[in-house]
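Let's take a walk through this protein, from the overall picture down to a few individual residues. Keep the 3D view open as you read.

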Amino acid sequence: EHLRWSGGVPWMRRCSPLGSARRLPRFGFLLMLLLLPGSSARRDLSGPNDTWRTAAGSALEEPHHRTNGSATHKKAFPVLDFNYEHVRIPFEISLWILLALFMKLGFHIIPRVSHVVPESCLLIFVGLLVGGIIKAMHDKAPILDTKLFFLYLLPPIILDAGYFLPIRLFTENLGTILVFAVVGTLWNAFFIGGMMFAICQIEVAHLGGVSLLSCLLFGSIVSAVDPVAVLAVFEEIHINELLYILVFGESLLNDAVTVVLYHLFEEFSHAGSVTMGDAFLGVLSFLVVSLGGILAGVVYGIVGAFTSRFTSHSRVIEPLFVFLYSYMAYLSAEVFHLSGIMSLIACGVVMRPYVEANISHKSYTTIKYFLKMWSSVSETLIFIFLGVSTVEGPHNWNWLFVVFTLVLCLVSRVLGVVGLTFIINKFRIVKLTKKDQFIVAYGGLRGAIAFSLGFLLPDDETKHMFLTAIITVIFFTVFVQGMTIRPLVELLAVKRKKESRRSINEEIHTQFLDHLLTGIEDICGHYGHHHWKDKLTRFNENYVKKWLISGERSAEPQLISFYNKLEMKQAMMLVESNSSARLPTFASAASLQNVQPKEAAPRRAIPSISKTREEEIRKILRANLQKTRQRLRSYSRHDLFMDPFEDNMRLLPIFLSWCFSQMSHYLTVPAKRQETPSVRKVWFEPGQ
């Protein structure tokens, strides 16, 4: 009866006559499921936050109450409702990002503050204020969670640094960077860990329960230079390229050492004993973590470059491939506990040259500015969260442990840089001076990576003491060293970065010197840096570019490609600056009438070379310089004999000196022409 009547009107009368018999059983069965108490359909539709449930339920029960004669009133439909829990997480994330953007905007609006205080210091101070306000309201402040940091905040910063890494400067100083990153980090970890264990044995410290492996684990956490802190400080002071790439490259490559040492000492602390086999497995793990991370990045970089070959018909999705392949490289490395930072760097370095040759200029601009924006926001959030997490705690302050941690970090950094530089300078052509060593040692900043690794430790009083010491070291390096490094650079007159645009002339001379040094190494039989670089370049030109670059650009020479990029960049700069006056325009007839003709500048008179002398030079060139090096026999101390071609080649230096003297003679206007019979005698007398 309830299914057939609604408000006293028969159900069959309210339905349309067409098809009512077919809809009635199905719709009636659905209503029965909704109205039955405890039915599953009703439980699914109901929820704690469903605002329409009460009104819908009263509407369904209205006919039943009317049949029983009750005088209940129908509940009004809610016009406005408030449900903050439904949007709490994305709303608070948006507020944090908005706060970070306002802090960044205010920092650059006030130039006096930006010249004295680094941006990272200001952001940490803002985080301290926000954390204090939240704690005063007796609410739980959000902390810098390890998962949030390593999976969402750190990858954009590393991708931006790896994608736009100055690869030439990085490869030329790769040996020095590896020594600082690997040997220097190992030295810092074991020195700090061993000395802190000795400090813990002092009775005054009351830290006898801290084991040696726990101290070594703490040393591995606090020893690594942080790339986020280095980027935040060094980009503001505009230090020269050499010092920047040394410190920043060390902060990137020491990730593998930090990860291996952290997991190694963590496992040893649980096991309680260390054997020689464990030490060997630790060394093997370092090679697997570092090389495995690089391999993962290279694979994803090649796949991303190959995918960009086929995006010419859908330019909109080109930037997404770059972001997704890079992020997948990082996540794939983290799955196997490899170095995600090295994977991201390798992916960006491998992908960039081929992707930029395939994608459009608009896609390149999108990638560039989106990476800069994304990394800037992530960096801002990291420092704000670091300040908030400091206020939230908990802390376990031990004066002796904290003070000695800070002192040992500074001492180990100075001793490591000075000792390693003494060895490195024996093999470097451009030596690192005392000023350079001071900046490298003083620029070893710690940051959020150390805090996040310390946050992963088991929750006990030792972890709280370690976190307190780590936060103290971070604050000292960021505030004290970060604020004083700019005045020290100015006081020591350290060379700054020159803001100069690359020109086609510079590129030509750079390639010329590369070929010249490669030829010198080839002649000397020394397989050095330029030799292997030339081999890699030839392999790239002959094989790799044909597969990863589409169209005619795969066969385009490097110089022509650089020229096209330079022309496009200059054109875009003119368009963005609205400099229409600089663009070439046709002069009107009226303006041409008012232009007075200017006298042509006097040109230098260059005498012409006679035909006889020209043929003479051509004959000498054909006889001596058209014979290739392949005709020369390779050197062997067991087979020494005279080659007639080598006998003729002994005259080549004399010929070159004569050519240069003749060219300088004809390119000038001498007062009196001088003959050179001695040189002619050398070349044209057969018995000479």
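Predicted model: local features only at pLDDT ≥ 70, side-chain atom pairs only at ≥ 80, totals over all residues.

H337 is partly exposed, at a relative accessible area of 49%. You'll find H337 in the loop between α15 (318-335) and α16 (340-358). Its backbone is worth a look too: H337 has a positive phi of about 60°, although it isn't a glycine.

There's another histidine to look at, H238. This one is in the loop between α12 (227-237) and α13 (241-271). H238 isn't a glycine either, yet its phi is positive, at about 55°. With 39% relative accessibility, H238 counts as partly exposed.

## The overall picture

Zooming out, the protein has 29 helices and 2 strands. Of its 688 residues, 38% are buried. The accessible surface is about 42300 Å², and carbon and sulfur atoms account for 66% of that.

How much of the contact set comes from residues 24 or more positions apart? Taking the contacts with a separation of 6 or more, the share is 78%.

## Two asparagines in loops

Now for N173, which lies in the loop between α9 (167-172) and α10 (174-200). Is N173 buried or exposed? It's buried, with a relative accessible area of 5%, and the label applies because the cut-off for buried is under 20%. Leaving out residues up to four places away in sequence, N173 touches L242, I245, L246 and R428. With R428 there's also a polar contact between the side chains, at 3.1 Å.

N425 is the other one to find, in the loop between α18 (399-424) and α19 (434-442). N425 has a relative accessible area of 15% and is buried as well. Its contacts, again not counting residues up to four places away in sequence, are K431, L432 and Q437.

## The largest cavity

The structure holds 4 cavities of 30 Å³ or more. The largest has about 50 Å³ of space in it. Which residues line it? They are F180, G184, N188, E250, S412, R413, G416, V417 and L420.

Both α10 and α18 supply at least two residues of that lining, and α18 gives the most, with 5 residues. Sorted by class, the lining has 3 nonpolar, 4 polar and 2 charged residues.

## The second largest pocket

Last stop: the second largest pocket, with about 970 Å³ of space. It's lined by 29 residues, and the closest to its centre are E92, I93, W96, P142 and F385. The elements giving two or more residues to this lining are α5 (88-109), α8 (146-163) and α17 (361-392).

Which helix makes up the largest share? That would be α5, with 9 residues. As for the kinds of residue in this lining, 22 are nonpolar, 1 is polar and 6 are charged.

Conventions
Residues numbered from 1 in each chain as written. Heavy atoms only, no water. Helix = DSSP H or I, 4+ residues; strand = E, 2+ residues; numbered from the N terminus. Buried < 20%, exposed > 50% of the residue type's maximum accessible area, 1.4 Å probe, protein only. Polar contact = N/O pair within 3.5 Å; in protein donor to acceptor, adjacent residues only side chain to side chain. Contact = heavy atoms within 4.5 Å. Areas by Shrake-Rupley, 256 points an atom, 1.4 Å probe, with all protein chains shown as cover. 1 Å grid on protein atoms, 1.4 Å probe; cavity = no way out; pocket = protein on both sides within 12 Å on 5 of 7 lines; lining within 4 Å. Points joined across faces, edges and corners; volume = space filled by probe spheres on them. Nonpolar A, V, L, I, M, F, W, Y, C, P; charged D, E, K, R; others polar.
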